[in-house]
Amino acid sequence: MRDVFVVSAARTPVGKRNGYLREWVPAELLGHVLDEVVDRVDVDPALVEDVINGTVYQVGEQGFTLARMGIFASKLPNDVPGTSINRQCGSSLTAIQMAYGMIASETQDVIIASGCEIMSKYPIGSDMGGTLPDGRPQGQAFGEFYFKRLAGGAMYNQGQAAQAIGEKWGISRLDCEEFALASHTNAHNATVNGYFKEEILPTKGLDKEGNEITMDADETIRPETSLEKLAALNPALGTEWITAGISSPVTDGSSAVLLMSEEKVKELNLTPLVRIKANAVVGCDPVLMLTGPIYATPKALDKANLTIDDIDLFEVNEAFAPIPLAWAKELNAPMDKLNVNGGAMALGHPVGNSGSRLTVTAIHELIRREAKYALVTLCTGGAMAPATIFERV
Ligand SMILES: CC(C)(COP(=O)(O)OP(=O)(O)OC[C@H]1O[C@@H](n2cnc3c(N)ncnc32)[C@H](O)[C@@H]1OP(=O)(O)O)[C@@H](O)C(=O)NCCC(=O)NCCS
């Protein structure tokens with residue numbers, strides 16, 4: 001296997017539900033970031049051999065094969081192919097892992113891995129249900145076979161799973177609210193200090209009145225939040241204590257990374273940002289569902305021959321506050337290295353986009369800090385988790 005490098009990484013600011021990105025056609029938003037990652041390093045778009053894109057709700061404008069549509073909406077030529085994949089919230093980290101595999105195995109040299117999701121248009125569950133042309137119901141992905149796997153356990157929604165995880169790992173609502181407050185504070189500080197400047201691609205959108213604006217910062221950060229405000233929120237998602245404040249908000253966004261073989265990096269005389277050190281992916285208990293990062297992390301560390309103490313930065317997706325908190329407790333991970341510029345509670349979680357968004361953020365923070373290793377991992381619906389370790393070079 002040969003080394004694989006990321007040479008460029010960029011993302012749109014995250015837009016809140018029905019916020020500034022609301023009118024974007026997903027293919028055009030994706031095309032916008034595909035262009036950016038090739039432009040940033042002045043690479044001929046014709047050199048790209050594939051686009052592997054993560055999108056969860058592959059319906060409507062996000063349907064067909066969004067990666068291919070994104071290519072048509074970009075400056076990449078017609079002979080660049082694309083594929084869209086779905087590992088739920090881990091989709092675009094899986095896209096990166098798949099691109100790694102193709103390059104490491106000498107199958108290809110230059111691939112863009114990306115993520116794109118406009119949840120304002122295609123909310124959670126929009127790929128399930130619906131009606132067939134003859135009027136019959138389309139059916140459900142979760143059949144009898146799935147319920148057998150629950151072995152008598154409940155079928156939780158994701159909020160209920162998050163609460164069950166919190167209870168199992170002894171995490172209280174207050175612990176979660178303190179963590180959410182820190183997420184917003186850190187994201188706000190990173191924004192005002194310009195830490196996201198390098199990674200964010202300023203993107204046109206619409207303000208509340210419908211006037212065109214250019215956004216260069218994430219729309220979901222709440223610098224005005226407080227423990228008192230968080231404590232006043234009502235439980236959501238049929239739970240006893242999971243509120244909007246300790247959940248990731250429904251959001252829109254797109255991001256991409258340009259990956260290359262060492263030979264290509266040298267041939268094009270580029271300076272890589274990071275090397276991919278190790279990849280892992282796990283499936284886990286479908287009842288608790290969101291515990292995957294707890295198992296994917298040691299697996300990735302083993303593959304990299306590293307320990308948790310070797311990692312400088314962790315991006316563990318804040319789908320809900322109990323997920324990274326249980327992960328940190330179980331693995332005895334240092335909280336001061338976790339989601340240092342805020343996580344999805346503040347920065348949003350456009351599901352298929354998040355793996356790539358977290359990667360873009362981790363890479364730029366590694367460079368800013370001149371640190372060595374970042375580990376990115378996300379829990380997913382359907383009980384899985386990818387994890388990847390990046391090494392600054
Ligand atoms: C939890 C959830 C149902 C809440 O939905 P919602 O009530 O529409 O949530 P919103 O984010 O719009 O927040 C509603 C209100 O709560 C309050 N609020 C939310 N977060 C807050 C915070 N951190 N501080 C203070 N107030 C807050 C605000 O008043 C907000 O209204 P505003 O946006 O007009 O200011 C929704 O965010 C959700 O489903 N999240 C999880 C998504 C998911 O499952 N992703 C995949 C995970 S694997």
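**Exercise 1. The hairpin**

In the hairpin of E6 and E7, which residue takes a positive phi? Work this out on the predicted model, and describe how the two strands pair.

*Solution.* Start with the strands: E6 covers residues 203-206 and E7 covers residues 212-215. They pair in the antiparallel sense, over four bridges. Finally, look at the turn, where five residues lie between the strands. Here Gly210 has the positive phi, near 90°.

**Exercise 2. Helices H9 and H10**

Find the angle at which H9 and H10 pack, and name the residues that make the contact.

*Solution.* Two quantities describe a pair of packed helices: the angle between the axes and the distance between them. For H9 (residues 292-304) and H10 (residues 322-331), the angle is about 45° and the axes are 9 Å apart. The two helices are therefore oblique to each other. Their crossing is right-handed. On the H9 side, the contact uses Pro293, Ile294 and Thr297, while H10 brings Ile323, Ala326, Trp327, Glu330 and Leu331. Sorted by class, that gives six nonpolar residues, one polar and one charged.

**Exercise 3. H10 meets H5**

Now turn to H5 and H10: is their crossing left-handed or right-handed?

*Solution.* Begin with the geometry: the axes of H5 (residues 158-168) and H10 come within 9 Å and cross at roughly 30°. Angles under 35 degrees count as roughly parallel, so H5 and H10 are roughly parallel to each other. The handedness of this crossing is left-handed. The contact itself joins Ala162, Ile165 and Gly166 in H5 to Pro322, Ile323 and Ala326 in H10. Five of these residues are nonpolar and one is polar, with no charged residues.

**Exercise 4. Helices H3 and H12**

How many polar residues does the contact of H3 with H12 have?

*Solution.* First place the helices: H3 spans residues 91-104 and H12 spans residues 354-369. Their axes come within 4 Å and cross at roughly 70°, so the pair is roughly perpendicular. Then list the contact: Ser91, Ser92, Leu93, Thr94, Ala95 and Ile96 in H3 face Ser354, Gly355, Ser356 and Thr359 in H12. By class, seven residues are polar, three are nonpolar and none is charged.

**Exercise 5. Around the ligand**

Which residues come nearest to the ligand?

*Solution.* Count the shell to begin with: 21 residues lie around the ligand. Those that come nearest are Thr225, Ala244, Gly245, Ser247 and Ala319. To finish, divide the shell by class, which gives twelve nonpolar, seven polar and two charged residues.

Methods
Residues numbered from 1 in each chain as written. Predicted model: local features only at pLDDT ≥ 70, side-chain atom pairs only at ≥ 80, totals over all residues. Pairing = 2+ DSSP bridges. Near = placed C-beta within 6 Å. Nonpolar A, V, L, I, M, F, W, Y, C, P; charged D, E, K, R; others polar. Axes fitted to C-alpha atoms, helices over the stretch in contact; angles between N-to-C directions. Parallel < 35°, antiparallel > 145°, perpendicular 65-115°, else oblique. Left-handed = near helix turned anticlockwise from the far one by under 90°. Contact = placed C-beta atoms within 7 Å.
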